[in-house]
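Happy to look at this one with you. Let's go through the model by question and answer.

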Amino acid sequence: MELEMDRFGRVTIPKWVRQQLGIAPGARLILETDADALRLVPVRQEAPMRVENGLIVFDVRLEPNALEQVREERDRSTAGQES
């Protein structure tokens, strides 16, 4: 499918694509670039953490500050136990 960018740098995602992907006005999208290609990925309300091969993995594309938030919560919790 070929799309045209307007003079403001905007591209309209066709309605049938938005419906198929379940995205609506206000939806958050991740822009990925690779060499000379662009890819838009809808941000899903999934947990930023998952277990993969026995390890906890943070998906920073879903929640860029997830690891920092968990560390801050852990630090607050630990500080409360030390007193």
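Q: In which helix is Arg-18 found?
A: A word on the source first: this is a predicted model, where local features need pLDDT of at least 70, side-chain atom pairs count only at pLDDT 80 or more, and totals for chains, interfaces and linings use all residues. Residues are numbered from 1 along each chain as its sequence is written, and side-chain values use heavy atoms, with hydrogens and water left out. Helices (H or I, at least four residues) and strands (E, at least two) are DSSP runs, numbered from the N terminus. Arg-18 is found in residues 15–21, that is, helix 1.

Q: Why does Arg-18 count as partly exposed?
A: Buried means under 20% relative accessible area, exposed means over 50%, and partly exposed lies in between (1.4 Å probe, protein chains only). Arg-18 is partly exposed because its relative accessible area is 30%.

Q: Which residues does Arg-18 touch, not counting residues up to four places away in sequence?
A: A contact means heavy atoms within 4.5 Å. With residues up to four places away left out, Arg-18 touches Thr-12, Ile-13 and Ile-23.

Q: How many Å apart in space are Arg-18 and Pro-42, C-alpha to C-alpha?
A: In sequence, 24 residues separate Arg-18 and Pro-42. In space, their C-alpha to C-alpha distance is 9.9 Å.

Q: Over how many bridges do strand 1 and strand 2 pair?
A: Two strands pair if DSSP finds at least two bridges between them. Strand 1 (residues 29–34) and strand 2 (residues 37–42) pair in the antiparallel sense, and the number of bridges is six.

Q: What is the phi of Ala-35, in the turn of the hairpin?
A: Strand 1 and strand 2 form a hairpin with two residues between them. Ala-35 is exposed, because its relative accessible area is 82%. Its phi is positive, in a residue other than glycine, and the value is about 55 degrees.

Q: Where is Asn-53 placed?
A: Asn-53 is not a glycine, yet it has a positive phi of about 55 degrees. Asn-53 is exposed, because its relative accessible area is 78%. Its place is the loop between strand 3 (49–52) and strand 4 (55–58).

Q: What pattern does the chain follow, read along the sequence?
A: The chain has two helices and four strands. Read along the sequence, their pattern is α-β-β-β-β-α.

Q: What percentage of the residues of the chain count as buried?
A: The chain has 83 residues. Of these, the share that counts as buried is 10%.
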